[in-house]
Amino acid sequence: MVGGILQYLWLVPALPLLGVIVNSAIALFAERPVLLRENAHGEGGHGAGDAHGHHASPPYRKLVAFLGPAVVGASFAVSVLAVLALAARPAHDRLFVQVLFPWVQAGTFQAPAALQLDPLSAVMILVVTGVGFLIHVYSVGYMSHEKAFARYFVYLNLFTFAMLLLVLGSNFLVMFVGWEGVGLCSYLLIGYWYEKKSAADAGKKAFVVNRVGDFGFLVAIFLIFWTFGSVDYTEVFARIPVLSERGVLTTGIATAITLLLFVGATGKSAQIPLYVWLPDAMEGPTPVSALIHAATMVTAGVYMVARTSALYLLAPTSMAVVAVVGAATAIFSATIGITQNDIKRVLAYSTVSQLGYMFLACGVGAFAAGIFHLMTHAFFKALLFLGSGSVIHALSGEQDMRKMGSLKKRLPVTFTTMFIATLAISGIPGLSGFFSKDEILWKSFSSGHGHAALWAVGTAAAGITAFYMFRLVFLTFFGDSRMDPDVERHVHESPYSMTVPLMLLAVLSVAGGWIGIPEALGGHNYFEAWLAPVFGHGTEGAAHGGGHHSLALEYLLMAGSVGVALCGIGLAWYLYRARPGVPKEIAGRVPGLYDVVLNKYYVDEIYDAAIVRRIVNGSVWLWEAFDATFIDGIVNGVGALVRGAGERARRLQTGVVGSYALSLLLGAVIVVGFLIWP
């Protein structure tokens, strides 16, 4: 009976899709007429930033509030049963493919619409549906003031469906459909408050930047088909040894494919140089930030690189590029997080940094460690975003940490859960973040693809992470109140629909990493063993060069990373608790450096001047010189020619019968003359 549940794998993405269909009908036929009537009477608006708006609740909202989370919860239940059925199989047989229907067929080429469940996709669907369900429940409370309530859950359910399609697809084309689907949903959800210009602009920015990466991914799929004659995972990976021996799959081709795939990953997972969209994406509702830009969508690139690990192991250059870009992104974005004052933007740059860690792991061949950190990061970063949403909700939309303080006693659940998540992301021993981050740092040092410099950069980024995260905690929850008096009077803890998900994520932030306790600490890395059937081909590559390292060295590096994190926490305490005036003094001494970091190294301005403005100016020139002058000139010239010819022909129509008779006579003479001419 348990094994039979795999036949119902299609329900995992289908249930959220059902939510999309029903909620769309409600949004179109029940909610939209209400909004139109309110707008007609001057009562419109979407409540952007109003955490305490109140209005009559139409009956359809209760159905949406139940159905939106319920379909994702049901999908999670089916996912759990399916993963248990998969786990009951022998390790070598943990692969299940379900063909839904024939899709693309051209000659001998076939790409069916099919789903694939293996240990890697099993982890992903549990994260997407499990964390996604908690965020959906949280959204019921957080978005309760929104008038476009059904539309919000349409987008959220649609995103869940697209993300599940992405991770469950059995070939690159199905993955690409899900890939584009989450990109569309990102645009819709970031721009949910579309009447707010900054939100609309952020949505467009995310959409355009992601298209750059998507182009690389699409070209990579073409190259995979050209090389392997298939886009099915099983067939492509099975043909790698044969084609390598024949010389068809050379290192150069493997490098080209993997670098193009990584271009797609840098867009979707916000890595240098395509990371600029994610911080602006914080313009969307906070639950959106938690679901899409922390726990699921931005990890799609990491999943894609891990899924194609067999190809990456054939391309050492690509592995090095992934590792270096990941390490550079981790420390670069971490430094920006130091100076940000918007609580969500701090977490946004933290997300970019943590994604860099995941790519660092993949780049050194530790694919299992990268997916491990993907999972633990989903727990504590979703908690941090939802916790920040609870703070924003309590402060009537305020997001500036300089206008917070002294919230520890007023928001006890929010504080406790966020503090646990902060300890986890800082890498404090015993919590989930410690085990996954330490595994990445160790592999970045000991792996044959690793290097001491990568470890040093990763460790430095860990220390900076601990610093800016505790800066966030101290500015938000400790010290004297800096809140506006009107706001302070209404501060209250969030409802249970918001705090219960926080508590559950806090438990996962603590215990979520215990399945990956390394042998050096007396445990057994069950998580790595679970993924071994997928990454078995890369086990030796990841461990190569690390076998001769002693446990003493591993303990030393582990202690070093924890020590650096504690130093970051201590420095944050000194600057923002013991001596709160010192940060301003430091900023005053190095105003140039401070302004550069505060303004995010002016990367957006550089992109705007070097790329965006040039494209806009070039487009204007093409419009004026080519379209308006050349194309319009041709069209207008033809029109003028026809109009002139018509004007001249009109003059022949005099209306005098004698003129017409003379014309007929002349015509007859010409015709006769032509016929008798020798």
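**Close-up views of a predicted model**

**Figure 1. Residue Y601 is partly exposed, with a relative accessible area of 26%.** Buried means under 20% relative accessible area, exposed over 50%, and partly exposed in between (1.4 Å probe, protein chains only). The model is predicted: local features need pLDDT of at least 70 and side-chain atom pairs pLDDT 80 or more, whereas totals for chains, interfaces and linings use all residues. Numbering starts from 1 along each chain as its sequence is written, and side-chain values use heavy atoms, without hydrogens or water. Y601 occupies the loop between α25 and α26 (603-651); helices are DSSP runs (H or I, at least four residues), numbered from the N terminus. Although Y601 is not a glycine, its phi is positive, at about 60°.

Figure 2. S406 belongs to the loop between α15 (367-394) and α16 (412-425). With a relative accessible area of 31%, S406 is partly exposed. Most residues other than glycine have a negative phi.

**Figure 3. A cis peptide bond links I272 to P273.** The omega angle of this bond is about 5°. P273 is located in the loop between α8 and α9 (277-280). Most peptide bonds are trans.

**Figure 4. Helices α8 (residues 251-268) and α13 (residues 316-337) cross at roughly 25°, and their axes come within 8 Å.** The two helices are therefore roughly parallel (angles under 35 degrees). Axes are lines fitted to C-alpha atoms over the stretch in contact, with angles from 0 to 180 degrees between N-to-C directions. From α8, the contact (heavy atoms within 4.5 Å) involves T251, T255, T258, L259 and F262. From α13, P316, T317, S318, V321, V322 and V325 take part.

**Figure 5. The side chains of S350 and Y468 are joined by a polar contact of 3.3 Å.** S350 is a residue of helix α14 (residues 343-363). Its relative accessibility is 0%, so S350 counts as buried. When residues up to four places away in sequence are not counted, S350 touches K381, I425, Y468 and M469. A polar contact is a pair of N or O atoms within 3.5 Å, one able to donate a hydrogen and the other to accept it; residues adjacent in sequence count only if both atoms are side-chain atoms.

**Figure 6. Helix α24 (residues 582-589) has the buried residues V582, P583 and A587.** Turned away from this buried side is a face that carries the exposed residues K584, G588 and R589. The cover over the buried residues of α24 includes α23 (551-578) and α25 (591-598).

Methods:
Parallel < 35°, antiparallel > 145°, perpendicular 65-115°, else oblique.
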